Amino acid sequence: MINTNPIPLFNLNKQHESLREEINSAAIRALDSMRWIIGPETENFELEFAKALDAKHCIACSSGASAIQIALGACGIGKGDHVITTPFTFIATTSSISLTGAEFSFADVDSVTGNLSPEGIEKRITKNTKAILPVHIYGYPAEMDRIMKIAQKHNLKVIEDCAQSHLAAYKGRMTGTIGHAGAFSFYPSKNLGACGDGGAVVTNDAEVAANSRSLRHCGRKADKTYEYGFEGSTLRMDDVQAAILRVKLKHLAEWTELRRKAAAKYDDALKGLPVVVPSDPGAGSSQSYYVYTIKAPRRDELAAFLSSRKIGNAIYYPMPLYKQPVYQHLGFDPKDYPNTEKLTTEVLSLPMFPEISDSDIARVAAAIKEFYGK
Ligand SMILES: *Cc1c(COP(=O)(O)O)cnc(C)c1O
(Lines give C-alpha, C1' and ligand atoms only; values in the text may rest on other atoms or scores of the structure.)
Protein backbone atom coordinates (compact mmCIF):
# COMPACT_ATOMS: atom_id res chain seq x y z
CA MET A 1 0.00 0.00 0.00
CA ILE A 2 1.22 3.49 -0.79
CA ASN A 3 2.19 5.51 2.27
CA THR A 4 0.37 8.84 2.20
CA ASN A 5 0.93 9.92 5.82
CA PRO A 6 1.84 13.60 6.02
CA ILE A 7 5.56 14.27 6.47
CA PRO A 8 5.91 17.39 8.62
CA LEU A 9 8.59 20.03 8.08
CA PHE A 10 9.70 19.43 11.65
CA ASN A 11 8.31 17.28 14.39
CA LEU A 12 8.59 18.18 18.06
CA ASN A 13 6.23 15.42 19.21
CA LYS A 14 8.67 12.53 18.97
CA GLN A 15 11.35 14.33 20.94
CA HIS A 16 8.95 15.53 23.60
CA GLU A 17 7.36 12.10 24.00
CA SER A 18 10.69 10.41 24.42
CA LEU A 19 11.77 12.84 27.16
CA ARG A 20 8.41 13.70 28.72
CA GLU A 21 9.05 12.10 32.16
CA GLU A 22 12.49 13.61 32.48
CA ILE A 23 11.30 17.04 31.34
CA ASN A 24 8.38 16.99 33.77
CA SER A 25 10.54 16.04 36.74
CA ALA A 26 13.18 18.64 35.82
CA ALA A 27 10.50 21.34 35.66
CA ILE A 28 9.09 20.27 39.03
CA ARG A 29 12.59 20.26 40.53
CA ALA A 30 13.02 23.86 39.37
CA LEU A 31 9.61 24.89 40.70
CA ASP A 32 10.26 23.25 44.08
CA SER A 33 13.65 24.96 44.42
CA MET A 34 11.80 28.29 44.58
CA ARG A 35 14.84 29.95 43.01
CA TRP A 36 13.02 30.76 39.82
CA ILE A 37 15.25 33.46 38.39
CA ILE A 38 18.99 32.81 37.88
CA GLY A 39 18.85 29.87 40.27
CA PRO A 40 20.86 26.65 40.23
CA GLU A 41 19.35 25.34 36.98
CA THR A 42 20.31 28.46 35.05
CA GLU A 43 23.80 28.44 36.56
CA ASN A 44 24.32 24.78 35.66
CA PHE A 45 22.86 25.16 32.19
CA GLU A 46 25.28 28.01 31.53
CA LEU A 47 28.26 25.85 32.55
CA GLU A 48 27.01 22.90 30.51
CA PHE A 49 26.22 24.89 27.36
CA ALA A 50 29.60 26.68 27.54
CA LYS A 51 31.28 23.28 27.84
CA ALA A 52 29.35 21.89 24.85
CA LEU A 53 30.68 24.76 22.72
CA ASP A 54 34.12 24.94 24.33
CA ALA A 55 33.37 28.57 25.22
CA LYS A 56 34.58 30.30 28.39
CA HIS A 57 31.29 31.98 29.30
CA CYS A 58 27.59 31.46 28.69
CA ILE A 59 24.92 33.92 29.82
CA ALA A 60 21.40 32.50 29.57
CA CYS A 61 18.66 34.93 28.63
CA SER A 62 15.04 35.20 27.59
CA SER A 63 15.22 34.61 23.81
CA GLY A 64 17.45 34.57 20.78
CA ALA A 65 16.43 38.13 20.01
CA SER A 66 17.42 39.29 23.48
CA ALA A 67 20.70 37.37 23.17
CA ILE A 68 21.57 39.40 20.05
CA GLN A 69 20.58 42.65 21.75
CA ILE A 70 22.60 41.81 24.88
CA ALA A 71 25.65 40.63 22.91
CA LEU A 72 25.71 43.87 20.92
CA GLY A 73 25.24 45.99 24.02
CA ALA A 74 27.90 44.03 25.90
CA CYS A 75 30.34 44.73 23.04
CA GLY A 76 29.66 48.45 23.46
CA ILE A 77 27.32 48.92 20.51
CA GLY A 78 24.53 51.44 20.99
CA LYS A 79 23.11 54.77 19.89
CA GLY A 80 25.02 56.42 17.06
CA ASP A 81 26.74 53.20 16.05
CA HIS A 82 26.30 51.27 12.81
CA VAL A 83 26.24 47.50 12.27
CA ILE A 84 26.64 45.60 8.98
CA THR A 85 24.53 42.48 8.60
CA THR A 86 22.74 40.22 6.11
CA PRO A 87 19.29 40.84 4.61
CA PHE A 88 18.71 37.08 4.20
CA THR A 89 17.65 36.26 7.75
CA PHE A 90 14.88 36.38 10.31
CA ILE A 91 13.85 39.88 11.35
CA ALA A 92 15.07 39.43 14.94
CA THR A 93 18.60 39.88 13.60
CA THR A 94 17.92 43.51 12.67
CA SER A 95 15.20 44.38 15.19
CA SER A 96 17.68 43.44 17.93
CA ILE A 97 20.24 45.83 16.47
CA SER A 98 17.65 48.62 16.46
CA LEU A 99 16.74 47.87 20.08
CA THR A 100 20.30 48.77 21.11
CA GLY A 101 19.80 52.19 19.50
CA ALA A 102 22.27 51.40 16.70
CA GLU A 103 21.56 51.54 12.97
CA PHE A 104 22.27 48.84 10.42
CA SER A 105 22.85 48.31 6.75
CA PHE A 106 23.03 45.23 4.61
CA ALA A 107 25.76 43.62 2.55
CA ASP A 108 24.74 41.02 -0.04
CA VAL A 109 25.01 37.31 0.66
CA ASP A 110 26.99 34.53 -0.98
CA SER A 111 25.00 33.08 -3.89
CA VAL A 112 25.76 29.50 -2.82
CA THR A 113 25.47 29.52 0.98
CA GLY A 114 23.14 32.46 1.61
CA ASN A 115 25.56 33.75 4.27
CA LEU A 116 26.85 37.31 4.57
CA SER A 117 29.44 37.68 1.84
CA PRO A 118 32.78 39.18 2.95
CA GLU A 119 33.13 40.94 -0.44
CA GLY A 120 30.31 43.37 0.23
CA ILE A 121 31.19 44.26 3.81
CA GLU A 122 34.14 46.60 3.41
CA LYS A 123 32.48 49.07 1.06
CA ARG A 124 29.65 49.55 3.56
CA ILE A 125 31.90 50.50 6.45
CA THR A 126 31.30 54.08 7.59
CA LYS A 127 32.96 56.13 10.32
CA ASN A 128 30.20 54.93 12.67
CA THR A 129 30.50 51.22 11.90
CA LYS A 130 31.27 49.31 15.08
CA ALA A 131 30.26 45.73 14.34
CA ILE A 132 29.59 43.00 11.80
CA LEU A 133 26.72 40.62 12.51
CA PRO A 134 26.91 37.44 10.40
CA VAL A 135 24.14 34.84 10.65
CA HIS A 136 25.00 31.15 10.17
CA ILE A 137 21.91 30.72 8.06
CA TYR A 138 20.27 27.26 8.04
CA GLY A 139 23.13 26.20 10.33
CA TYR A 140 25.77 26.62 7.61
CA PRO A 141 28.88 28.34 9.02
CA ALA A 142 29.60 31.80 7.62
CA GLU A 143 33.06 32.63 6.26
CA MET A 144 34.43 33.64 9.64
CA ASP A 145 38.14 33.87 8.73
CA ARG A 146 37.53 36.58 6.18
CA ILE A 147 34.95 38.35 8.33
CA MET A 148 37.31 38.38 11.34
CA LYS A 149 40.11 39.73 9.15
CA ILE A 150 37.96 42.64 7.96
CA ALA A 151 36.88 43.26 11.56
CA GLN A 152 40.48 43.33 12.79
CA LYS A 153 41.56 45.69 10.03
CA HIS A 154 38.79 48.18 10.87
CA ASN A 155 38.63 47.56 14.61
CA LEU A 156 35.08 46.19 14.55
CA LYS A 157 33.35 43.71 16.84
CA VAL A 158 31.84 40.54 15.40
CA ILE A 159 28.64 39.17 16.89
CA GLU A 160 27.50 35.81 15.46
CA ASP A 161 23.78 35.08 15.16
CA CYS A 162 23.80 31.36 16.00
CA ALA A 163 20.03 30.94 16.35
CA GLN A 164 20.20 28.20 13.70
CA SER A 165 23.73 26.89 14.20
CA HIS A 166 23.93 24.93 17.47
CA LEU A 167 27.05 22.72 17.24
CA ALA A 168 27.84 23.79 13.68
CA ALA A 169 31.61 24.17 13.43
CA TYR A 170 33.88 26.39 11.37
CA LYS A 171 37.43 25.11 10.84
CA GLY A 172 37.42 23.15 14.09
CA ARG A 173 35.69 25.74 16.27
CA MET A 174 32.06 25.95 17.25
CA THR A 175 30.06 28.78 15.72
CA GLY A 176 29.44 31.38 18.39
CA THR A 177 33.01 31.15 19.76
CA ILE A 178 34.87 32.73 16.84
CA GLY A 179 33.64 36.33 17.00
CA HIS A 180 33.53 38.50 20.13
CA ALA A 181 30.19 36.97 21.10
CA GLY A 182 27.62 34.49 19.81
CA ALA A 183 23.85 34.66 20.28
CA PHE A 184 21.78 31.47 20.47
CA SER A 185 18.01 30.90 20.42
CA PHE A 186 16.23 28.10 22.24
CA TYR A 187 12.87 28.77 20.61
CA PRO A 188 11.03 25.39 20.64
CA SER A 189 11.70 24.58 16.96
CA LYS A 190 15.43 25.35 17.12
CA ASN A 191 17.95 22.49 17.29
CA LEU A 192 18.01 22.91 21.07
CA GLY A 193 14.55 24.10 22.05
CA ALA A 194 13.02 25.04 25.39
CA CYS A 195 9.34 24.55 26.26
CA GLY A 196 8.91 28.27 25.80
CA ASP A 197 11.36 31.03 24.97
CA GLY A 198 15.05 31.06 25.78
CA GLY A 199 18.40 32.21 24.47
CA ALA A 200 22.05 32.57 25.41
CA VAL A 201 25.10 34.71 24.79
CA VAL A 202 28.42 32.88 24.63
CA THR A 203 31.80 34.57 24.66
CA ASN A 204 35.44 33.98 25.52
CA ASP A 205 35.83 37.60 26.67
CA ALA A 206 35.41 38.13 30.42
CA GLU A 207 34.33 41.75 30.01
CA VAL A 208 31.69 40.94 27.38
CA ALA A 209 30.46 38.19 29.72
CA ALA A 210 30.21 40.54 32.71
CA ASN A 211 28.45 43.19 30.63
CA SER A 212 26.01 40.57 29.32
CA ARG A 213 25.16 39.42 32.84
CA SER A 214 24.49 42.98 33.81
CA LEU A 215 22.44 43.89 30.71
CA ARG A 216 20.05 40.96 31.10
CA HIS A 217 19.54 41.84 34.75
CA CYS A 218 18.44 45.49 34.67
CA GLY A 219 22.01 46.69 34.35
CA ARG A 220 22.96 45.89 37.89
CA LYS A 221 26.60 45.55 38.87
CA ALA A 222 27.78 42.02 39.59
CA ASP A 223 28.52 42.54 43.25
CA LYS A 224 25.87 45.16 44.09
CA THR A 225 22.12 44.59 44.09
CA TYR A 226 21.11 48.24 43.79
CA GLU A 227 23.97 49.80 41.86
CA TYR A 228 23.81 50.04 38.09
CA GLY A 229 26.51 50.50 35.50
CA PHE A 230 24.11 50.43 32.56
CA GLU A 231 20.47 50.70 31.77
CA GLY A 232 19.72 47.06 31.12
CA SER A 233 16.42 45.30 30.92
CA THR A 234 14.65 42.20 32.22
CA LEU A 235 15.95 39.66 29.75
CA ARG A 236 16.73 36.68 31.96
CA MET A 237 16.07 32.99 31.40
CA ASP A 238 13.85 31.41 34.04
CA ASP A 239 14.99 28.36 35.95
CA VAL A 240 12.18 26.11 34.71
CA GLN A 241 13.33 26.58 31.11
CA ALA A 242 16.96 26.10 32.13
CA ALA A 243 16.08 22.79 33.86
CA ILE A 244 14.29 21.60 30.69
CA LEU A 245 17.15 22.70 28.47
CA ARG A 246 19.59 20.73 30.63
CA VAL A 247 17.60 17.57 29.91
CA LYS A 248 17.67 18.25 26.18
CA LEU A 249 21.27 19.46 25.97
CA LYS A 250 22.45 15.95 26.86
CA HIS A 251 21.00 14.78 23.54
CA LEU A 252 22.05 17.69 21.33
CA ALA A 253 25.22 16.06 19.95
CA GLU A 254 23.35 12.88 19.07
CA TRP A 255 20.43 14.82 17.52
CA THR A 256 22.88 16.86 15.46
CA GLU A 257 24.51 13.66 14.18
CA LEU A 258 21.09 12.33 13.19
CA ARG A 259 20.35 15.57 11.30
CA ARG A 260 23.69 15.20 9.48
CA LYS A 261 22.92 11.58 8.58
CA ALA A 262 19.48 12.58 7.28
CA ALA A 263 21.08 15.38 5.23
CA ALA A 264 23.57 12.94 3.71
CA LYS A 265 20.66 10.70 2.73
CA TYR A 266 18.87 13.64 1.08
CA ASP A 267 22.11 14.62 -0.73
CA ASP A 268 22.32 11.12 -2.10
CA ALA A 269 18.65 10.70 -2.96
CA LEU A 270 18.51 14.03 -4.83
CA LYS A 271 21.54 13.31 -7.05
CA GLY A 272 20.86 13.76 -10.74
CA LEU A 273 17.85 16.02 -10.18
CA PRO A 274 17.85 19.68 -11.25
CA VAL A 275 18.00 20.87 -7.62
CA VAL A 276 21.11 22.09 -5.77
CA VAL A 277 21.73 20.54 -2.35
CA PRO A 278 23.57 22.35 0.49
CA SER A 279 27.28 22.62 -0.28
CA ASP A 280 30.01 21.04 1.83
CA PRO A 281 31.53 23.66 4.18
CA GLY A 282 34.95 21.96 3.97
CA ALA A 283 37.45 20.30 6.29
CA GLY A 284 36.87 20.88 9.99
CA SER A 285 33.56 22.62 9.32
CA SER A 286 30.09 21.19 9.69
CA GLN A 287 26.46 22.18 9.47
CA SER A 288 23.78 21.91 12.13
CA TYR A 289 21.00 21.50 9.52
CA TYR A 290 18.41 23.54 11.37
CA VAL A 291 16.67 23.16 8.03
CA TYR A 292 17.68 21.25 4.91
CA THR A 293 17.42 23.79 2.11
CA ILE A 294 17.72 23.12 -1.60
CA LYS A 295 17.74 25.55 -4.50
CA ALA A 296 15.09 24.53 -6.96
CA PRO A 297 14.03 25.71 -10.43
CA ARG A 298 10.26 26.43 -10.57
CA ARG A 299 10.43 26.59 -6.80
CA ASP A 300 6.88 27.78 -6.13
CA GLU A 301 5.39 25.04 -8.30
CA LEU A 302 7.54 22.44 -6.57
CA ALA A 303 6.46 23.76 -3.16
CA ALA A 304 2.78 23.49 -4.16
CA PHE A 305 3.36 19.99 -5.52
CA LEU A 306 5.02 18.83 -2.26
CA SER A 307 2.21 20.39 -0.23
CA SER A 308 -0.34 18.53 -2.37
CA ARG A 309 1.48 15.33 -1.38
CA LYS A 310 1.30 16.39 2.30
CA ILE A 311 5.06 16.88 2.40
CA GLY A 312 6.00 19.79 4.65
CA ASN A 313 8.11 22.55 3.10
CA ALA A 314 8.87 26.20 3.72
CA ILE A 315 10.63 29.19 2.25
CA TYR A 316 13.24 30.78 4.50
CA TYR A 317 12.90 33.62 3.69
CA PRO A 318 10.33 34.71 1.13
CA MET A 319 11.03 38.44 1.60
CA PRO A 320 14.50 39.88 2.16
CA LEU A 321 14.62 42.30 5.06
CA TYR A 322 15.30 45.34 2.83
CA LYS A 323 11.86 44.80 1.26
CA GLN A 324 9.99 44.55 4.56
CA PRO A 325 7.35 47.24 5.06
CA VAL A 326 8.96 48.21 8.36
CA TYR A 327 12.25 49.12 6.60
CA GLN A 328 10.87 51.01 3.59
CA HIS A 329 11.84 54.36 5.08
CA LEU A 330 15.49 53.27 5.11
CA GLY A 331 15.57 53.37 1.31
CA PHE A 332 17.50 50.18 0.54
CA ASP A 333 17.78 49.34 -3.17
CA PRO A 334 17.12 45.68 -4.10
CA LYS A 335 19.57 46.12 -7.01
CA ASP A 336 22.37 46.21 -4.43
CA TYR A 337 21.56 42.63 -3.41
CA PRO A 338 21.45 40.48 -6.57
CA ASN A 339 22.39 37.25 -4.79
CA THR A 340 19.74 37.73 -2.13
CA GLU A 341 17.16 38.53 -4.82
CA LYS A 342 17.99 35.32 -6.69
CA LEU A 343 18.11 33.07 -3.61
CA THR A 344 14.74 34.36 -2.49
CA THR A 345 13.21 32.81 -5.62
CA GLU A 346 15.12 29.51 -5.38
CA VAL A 347 15.31 28.28 -1.79
CA LEU A 348 13.04 25.59 -0.44
CA SER A 349 13.42 23.81 2.89
CA LEU A 350 12.44 20.15 3.14
CA PRO A 351 11.34 18.12 6.18
CA MET A 352 14.24 17.86 8.64
CA PHE A 353 14.30 16.64 12.23
CA PRO A 354 16.54 14.13 14.02
CA GLU A 355 13.96 11.34 13.98
CA ILE A 356 13.02 11.61 10.29
CA SER A 357 12.96 8.11 8.79
CA ASP A 358 14.85 6.88 5.75
CA SER A 359 11.55 6.02 4.10
CA ASP A 360 10.24 9.59 4.60
CA ILE A 361 13.41 10.98 3.00
CA ALA A 362 12.97 8.53 0.12
CA ARG A 363 9.35 9.65 -0.31
CA VAL A 364 10.32 13.33 -0.37
CA ALA A 365 13.02 12.62 -2.96
CA ALA A 366 10.65 10.51 -5.06
CA ALA A 367 8.08 13.31 -5.09
CA ILE A 368 10.71 15.81 -6.25
CA LYS A 369 11.82 13.38 -8.95
CA GLU A 370 8.23 12.96 -10.09
CA PHE A 371 7.76 16.74 -10.20
CA TYR A 372 10.71 17.20 -12.54
CA GLY A 373 9.53 14.24 -14.64
CA LYS A 374 12.74 12.29 -14.11
C1 LIG B 1 15.01 32.20 15.66
C2 LIG B 1 15.95 33.24 15.21
C3 LIG B 1 16.20 34.41 15.96
C4 LIG B 1 15.40 34.80 17.16
O5 LIG B 1 15.30 33.87 18.16
P6 LIG B 1 14.07 33.98 19.20
O7 LIG B 1 14.48 33.00 20.27
O8 LIG B 1 12.84 33.57 18.49
O9 LIG B 1 14.02 35.37 19.70
C10 LIG B 1 17.18 35.27 15.52
N11 LIG B 1 17.87 35.05 14.39
C12 LIG B 1 17.64 33.98 13.62
C13 LIG B 1 18.45 33.78 12.39
C14 LIG B 1 16.66 33.04 13.99
O15 LIG B 1 16.44 31.97 13.22
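**The ligand and its pocket**

Guide: In this predicted model, a polar side-chain atom of D161 lies 2.8 Å from a nitrogen atom of the ligand. Taken alone, the ligand exposes 380 Å², of which the protein buries 92%.

The shell around the ligand comprises 16 residues, and those that come nearest are G64, A65, D161, S185 and K190. By class, this shell holds seven nonpolar, seven polar and two charged residues. Two elements, α3 (64-74) and α4 (92-99), each give two or more residues to the shell; the largest share, three residues, comes from α3.

The site of the ligand is the largest pocket. About 340 Å³ of space lies in this pocket. Its lining consists of 21 residues, and F90, A163, S185, Y187 and K190 are the closest to the pocket centre. The elements that supply two or more residues to the lining are α3 and α4, with α3 providing the largest share, three residues. In the lining of the largest pocket, 11 residues are nonpolar, seven are polar and three are charged.

Two residues link these descriptions. S185 and K190 are among the residues that come nearest to the ligand, and S185 and K190 are also among the lining residues closest to the centre of the largest pocket.

Note on methods
Residues numbered from 1 in each chain as written. Predicted model: local features only at pLDDT ≥ 70, side-chain atom pairs only at ≥ 80, totals over all residues. Heavy atoms only, no water. Near = heavy atom within 4 Å. Polar contact = N/O pair within 3.5 Å; in protein donor to acceptor, adjacent residues only side chain to side chain. Areas by Shrake-Rupley, 256 points an atom, 1.4 Å probe, with all protein chains shown as cover. 1 Å grid on protein atoms, 1.4 Å probe; cavity = no way out; pocket = protein on both sides within 12 Å on 5 of 7 lines; lining within 4 Å. Sits in = over half its atoms within 2 Å of the grid points. Helix = DSSP H or I, 4+ residues; strand = E, 2+ residues; numbered from the N terminus. Nonpolar A, V, L, I, M, F, W, Y, C, P; charged D, E, K, R; others polar. Points joined across faces, edges and corners; volume = space filled by probe spheres on them.
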